[in-house]
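Reader: Could you walk me through this model? I would like to start with how you count things, and then go on to the details.

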Amino acid sequence: MGSYLFDQLRFVRSNTLKLVAGLDDERSEIIPDPLNNHIKWNLGHIYFIHERNAFQFVKEKEDWIMPESFPSLFSPGTKPENRQKMPVDLSEIVHLMENQIDRIESTFKDRLKEKTEPYTTSMGLHLSTVEEFLSCCLFHEGMHLERINVIKKLT
């Protein structure tokens, strides 16, 4: 399953990046009514959750790449405050996202069945292996990919 899982992660990421290709920083921060987040937040959140799911629960901090501002900006439950400009450029988030799946694969390609710190998602899904966490990333990114698509159509 390993290669197949990483192929799927790349497929979804490729579609996410295609959807935002050519988008400028200003448009990425438009929050259409009645939504409470914008495209930039969705991208940063996807990146944050992939890092957390891949590296935090396995305690692989040496491979974790997390800009200092990202947890306060993109953790679950966050949203852009008062519609003010975010202190991170869209191009920085996109650059991080472009290399993320390769880093995850190089770290975990032979470790998918490895047990992790157990975790239950907000939707009640129980995760306890690297493979389960990475598979969950597919669902998560797909949800946010569709949200980005909706926001693009509304802006």
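Author: Let me begin with contacts: a contact means heavy atoms within 4.5 Å. This is a predicted model, in which local features need pLDDT of at least 70 and side-chain atom pairs count only at pLDDT 80 or more, while totals for chains, interfaces and linings use all residues. Residues are numbered from 1 along each chain as its sequence is written, and side-chain values use heavy atoms, with hydrogens and water left out.

Reader: Fine, then which residues does glutamate 51 touch, not counting residues up to four places away in sequence?

Author: Glutamate 51 touches Gln56, Asp63, Trp64, Ile65, Met66, Gln100 and Arg103 when residues up to four places away in sequence are not counted. Its place is in helix α2, where helices (H or I, at least four residues) and strands (E, at least two) are DSSP runs numbered from the N terminus.

Reader: And is glutamate 51 buried or exposed?

Author: Glutamate 51 counts as buried, at 0% relative accessibility; buried means under 20% relative accessible area, exposed over 50%, and partly exposed in between, with a 1.4 Å probe and protein chains only.

Reader: Let me step back, then: how many helices and strands are there in the protein?

Author: The protein has five helices and two strands, and along the sequence they follow the pattern α-α-α-α-β-β-α. The radius of gyration is 15 Å, close to the 15 Å that the globule rule gives for 155 residues, so the protein is as compact as a globular protein of that length. That radius is taken over C-alpha atoms, and the globule rule is 2.2 Å times the number of residues to the power 0.38. Along its principal axes the C-alpha trace spans about 40 × 30 × 25 Å.

Reader: What share of the 155 residues is buried, and what share of the contacts with a separation of 6 or more is between residues 24 or more positions apart?

Author: Buried residues make up 50% of the 155, and residues 24 or more positions apart account for 71% of the contacts with a separation of 6 or more.

Reader: Back to α2. Which residues is lysine 40 in contact with, leaving aside its neighbours within four places in sequence?

Author: Lysine 40, which is also placed in helix α2, is in contact with Asp25, Ser28, Glu29, Phe74, Lys85, Met86, Val88, Asp89, Leu90 and Ile93, once those neighbours are left aside. Lysine 40 is buried, with a relative accessible area of 0%.

Reader: What about leucine 43, buried or exposed?

Author: Leucine 43, found in helix α2, counts as buried at 0% relative accessibility. Not counting residues up to four places away in sequence, leucine 43 touches Thr16, Val20, Leu90, Ile93, Met97 and Ile148. Leucine 43 and glutamate 141 are 98 residues apart in sequence, and their C-alpha atoms are 8.9 Å apart in space.

Reader: And where is alanine 54 placed?

Author: Alanine 54 is in helix α2 as well, and it is buried, with a relative accessible area of 1%. Leaving out residues up to four places away in sequence, alanine 54 touches Ile104, Phe108 and Leu134.

Reader: Changing topic to the backbone, which residues are joined by a cis peptide bond?

Author: Aspartate 33 and proline 34 are joined by a cis peptide bond, with omega about 5°, and proline 34 lies in the loop between α1 (2–20) and α2. Most residues other than glycine have a negative phi, and most peptide bonds are trans. Lysine 59, a residue other than glycine, has a positive phi near 65°; lysine 59 lies in the loop between α2 and α3 (70–74) and is exposed, with a relative accessible area of 57%.

Reader: In what sense do β1 and β2 pair?

Author: Strand β1 (residues 115–120) and strand β2 (residues 126–129) pair in the antiparallel sense over three bridges, where two strands pair if DSSP finds at least two bridges between them. Lysine 115 stands opposite threonine 129 in β2. The hairpin has five residues between the strands, and glycine 124 in this hairpin takes a positive phi near 90°.
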